[in-house]
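Please open the structure in your viewer and keep the selection panel at hand. The tour below moves from one selection to the next.

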Amino acid sequence: MRIKSLGYLGLGVVDPRQWLDFATQVVGAMPARAVPGEAWSLAGQDAPQVRQSGGTGVAPDGSVYIKIDEWQWRVAAHPVTGRPGVQYLGLEVHDQQQLEIVAAELEAAGFPARMGTPGEARARSVTALLHSCDPAGNPLEFFYGPTMDFNFTSPQAGTRFVAGKYGLGHLNLFVKDLPACFDFYTRLLGFQLSDYIRFGEGASVQFLRCNARHHSIALVEGAGVNGPHHLLFEVPDIDSVGRALDRAMKRNIPVSSTLGRHINDNMLSFYMQSPLGFDVEIGCEGAMLDDDWTAREFCEGDVWGHHGLTAEAIKQAAESMAGDES
């Protein structure tokens, strides 16, 4: 597969500090030790530039950055005045040669591609990047060589995440034109179909993988909008899921889907409303697939639980998004 992982995510958020509070105090993420553009020092040497953000994860422009593993950051939230949503998806490739191959193939398929400047790469804490868009209009940034600053310590004692080579987690996206988006991610970028579920005529979710994680991107059709449905953060065990659920309940955060286990990717999880304008899922025990896996249609989305996660609820989320656009 040409794409190694869903490496990072940039979001437009009305109040980035509200997202930072949610991400650190409920999800258990860590504020970035340094924001993009700040210099690093050699071991044992002081570098005042590193201390400008003071480990708060807050940049001078009000953007906030969080980390969940050894990467410098995984999710950025940038201030916007309009509807919250995805500002860019970072898709990891192996090296400069692969970046150039992706650029050529995007252009040949009719998708404009532009190599990023060194300054743009520095702003994402990567070695180099390439700009393009998918058919739904989501800005994509293909990149290689992320900055690793290690030293992840969650503000919520003991919290860890399943990330690393498997990427940030997964992102489910509403798309107006499923055939075009499906072809783009599978035929052009090399994602593989893990499985799919149909809710009726012209309504389905297609789960796509780019590494062993069951899916890194899922495409939701039938909603008539383009935009995010939910973002998953995966943790190692059920106790970590339960502690996150406890933290959400203590802060009176609406739980949009109760604890349950999905039948397709085996994820044991719950969903909650977030300041992002869409849901965040916290789960564990997600399936890891190999080359022997056969794509399939599955029926009935859950082994048990996940009350509230229904086709009607998904439709309502899309209608709410469409209302925000009007």
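In which strand is the place of Trp-304? Select Trp-304 and you will find this residue in strand β18, residues 302–305, where strands are DSSP runs of E with at least two residues and helices are runs of H or I with at least four, numbered from the N terminus. Before going further, note that this is a predicted model, in which local features need pLDDT of at least 70 and side-chain atom pairs count only at pLDDT 80 or more, while totals for chains, interfaces and linings use all residues. Residues are numbered from 1 along each chain as its sequence is written, and side-chain values use heavy atoms, with hydrogens and water left out.

Stay with Trp-304, which counts as partly exposed because its relative accessibility is 39%; buried means under 20% relative accessible area, exposed over 50%, and partly exposed in between, with a 1.4 Å probe and protein chains only.

Next, colour the open sheet of 10 strands, whose order is β17-β10-β11-β12-β9-β13-β16-β15-β14-β18 with mixed pairing. Its edge strands are β17 (296–297) and β18, each of which pairs on one side only; two strands pair if DSSP finds at least two bridges between them. Within this sheet, select β15 (residues 268–273) and β16 (residues 279–284), which pair in the antiparallel sense over 6 bridges, and look for Phe-270, which stands opposite Ile-282 in β16.

Now move to the loops of the sheet. Asn-266, in the loop between β14 and β15, has a positive phi of about 70 degrees although it is not a glycine. Glu-285, in the loop between β16 and β17, likewise is not a glycine and has a positive phi, of about 65 degrees. Most residues other than glycine have a negative phi.

Finally, turn to the charged side chains. A salt bridge (a side-chain nitrogen of Lys or Arg within 4 Å of a carboxyl oxygen of Asp or Glu) joins Arg-198 and Glu-297, whose closest N and O atoms are 2.8 Å apart. This pair links distant parts of the chain, since Arg-198 is in strand β10 (residues 192–200) and Glu-297 is in strand β17, 99 residues apart. Arg-198 counts as exposed because its relative accessibility is 52%, whereas Glu-297 is partly exposed, with a relative accessible area of 33%.

Asp-69 counts as buried at 6% relative accessibility, and Arg-74 counts as buried at 0%.
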